[in-house]
Each structure stands twice: as structure tokens, then as C-alpha cells.
Amino acid sequence: MRLTIVGCSGSYPGPESAASCYLLEAEEGGRTWRILLDLGNGALGHLHRHTDPLGIDAVFLSHLHADHCLDLCGYYVMRKYHPTGAQPQIPVWGPAGTAERMARAYDLPVDPGMTEEFAFHGYGDDGGVVELGPFRVEARRVVHPVAAYALRVTASGRTLVYSGDTGPCPELDEVAVGADLLLAEASFRSVDDNPPDLHMTGADCGRTASRAGVGRLVLTHVPPWHDPADAEAEARAEWSGPVELARAGATYDI
């Protein structure tokens with residue numbers, strides 16, 4: 001399984017990166033399967049650098065804040081009006097109400113909204129499991145002001161866990177256990193007075209990696225107003241394993 005960081009800027013697109021979007025690729029049945037974890041604002045344009053966006057098999061949204069889902073609007077236009085013709089419907093998984101949220105985002109009537117381009121599916125209140133080609137995707141509800149899910153993706157015997165947006169919580173620790181790579185958001189700094197149940201610090205990410213016994217920690221979703229080196233230093237102080245900062249265009253073979 002290969003991970004490509006399409007966008008990793010926290011809260012809004014930054015000068016070096018689009019907002020959250022992660023491309024996963026794996027082989028099965030003589031072809032490459034491709035899924036996206038989130039499609040935040042600015043990410044669709046950057047996706048062209050890494051693959052043909054029309055070749056994506058499914059999209060999995062961690063939650064419905066703009067920096068994680070808004071470029072589904074542009075993707076709708078691309079799939080509906082592409083000069084080669086309307087593209088086949090592909091599945092989109094997300095929290096309950098995703099179809100309605102995306103229709104409102106593009107000022108469409110809810111019926112049909114984007115349902116001719118995307119087959120929308122909800123995770124369920126606590127999460128759920130989806131199997132698609134070589135991928136097994138487990139969604140687990142985590143803590144955030146809106147319904148939000150961490151995503152555990154397994155393919156070819158290897159596992160990536162993406163925290164989505166969350167504060168530290170036992171549910172993230174549980175879903176991350178034994179992951180080969182933990183892609184964890186580090187929006188906050190420990191030196192600041194941070195609200196609870198919203199985001200994690202680099203230190204929180206390091207402690208999560210330690211408790212879960214992961215193989216590698218990649219920090220993402222650092223807002224442009226913070227120095228990413230602060231998040232990295234905090235994580236290293238809490239965990240002795242490999243730590244890296246996500247950067248747009250980076251790839252990881254898992």
C-alpha cells in the first residue's frame with residue numbers, strides 16, 4: 001500500500017500545501033485501486049500531480065468541515081461535465097448527512113444534489129467497516145465538535161491509521177493499535193491554552209503512538225500559523241519511534 005500526501009495543511013490551505021487529502025493505492029486483480037481519505041479545499045488541483053482524478057475508486061471523509069470535504073464540489077463538476085462525458089458514479093463514505101451537506105455547499109437542490117455522481121454512504125453513529133477491492137476501511141468515532149471519524153485502512157497485510165480531526169481519546173488509541181503508520185493531526189501546541197476535545201498537540205500524538213505501539217508516526221494538519229517543527233519536537237519528547245512531518249507530495253510505502 002502506498003500513501004501520497006496530497007494536502008496536509010490544517011484548517012485551511014497554506015502557502016506550501018492544500019488542506020487535508022491523502023491518496024492510498026494498492027494492487028489487486030491485476031490493477032491499481034485508489035482511494036482518497038478526505039478531499040479538503042485546494043486538494044483537487046494538487047491531486048492532478050499524482051494521479052488522474054477520474055481514476056479514483058472511492059472517497060472516505062473523516063468529517064464535514066471544509067478543510068476535509070469541500071473540494072468534493074469541484075470533483076462533482078469534474079465528473080459531471082468532463083469533456084469525455086459524465087463519469088460513472090463512485091462511492092463516497094462519510095458521516096450521516098454528507099449528501100445534504102455537499103448539496104448545500106454547491107447550492108444544489110438536495111434532490112438530486114450530487115447523488116448522480118456519487119453514491120453516498122454513512123458510517124453509522126459509532127463507525128463501521130467497508131471493504132473495497134484490496135482495502136478494508138474501519139471508521140471509528142472520535143471526539144470533535146461535529147461527527148468525526150478516525151480511519152483504519154488495511155491492505156496487503158499492512159495498516160495505516162488516519163486520526164482525522166480529534167482530541168486525544170481512548171477510541172483513537174484503540175483503532176491505532178499496531179498500525180504500521182499513524183497519520184495523526186497536530187493542530188495545537190502544548191504551551192497554549194487549548195480547548196478540550198477539538199485537536200491534538202504533537203505531544204498528544206507522541207503519547208498516542210506510544211500507547212498504540214505503532215511502527216511510524218507522521219504528523220499532519222499543522223495550521224499555517226504554527227511552526228511544524230514545534231509539533232515534531234513535542235512528539236519526539238513523548239515517543240522514541242520514527243517521527244516525520246507530513247509534506248505535500250511525500251510518499252510512503254507501507
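Modeller: Buried means under 20% relative accessible area, exposed means over 50%, and partly exposed lies in between (1.4 Å probe, protein chains only). This is a predicted model, where local features need pLDDT of at least 70 and side-chain atom pairs count only at pLDDT 80 or more, while totals for chains, interfaces and linings use all residues. Residues are numbered from 1 along each chain as its sequence is written, and side-chain values use heavy atoms, with hydrogens and water left out.

Biologist: What makes Glu-174 and Arg-140 a salt bridge?

Modeller: A salt bridge needs a side-chain nitrogen of Lys or Arg within 4 Å of a carboxyl oxygen of Asp or Glu. The closest N and O atoms of Glu-174 and Arg-140 are 2.9 Å apart, so the pair meets that definition. Glu-138 joins these two in a network of salt bridges.

Biologist: And which label does Arg-140 get for accessibility?

Modeller: Partly exposed, because its relative accessibility is 22%.

Biologist: How many salt bridges does the structure hold?

Modeller: There are 13. Another one is between Glu-238 and Arg-207, with closest N and O atoms 3.2 Å apart.

Biologist: What makes a set of residues a nonpolar core?

Modeller: The members are buried Ala, Val, Leu, Ile, Met, Phe, Trp, Tyr and Cys residues, joined through side-chain atoms within 4.5 Å. The largest such core has 32 residues, and Phe-60 is among those with the most contacts inside it.
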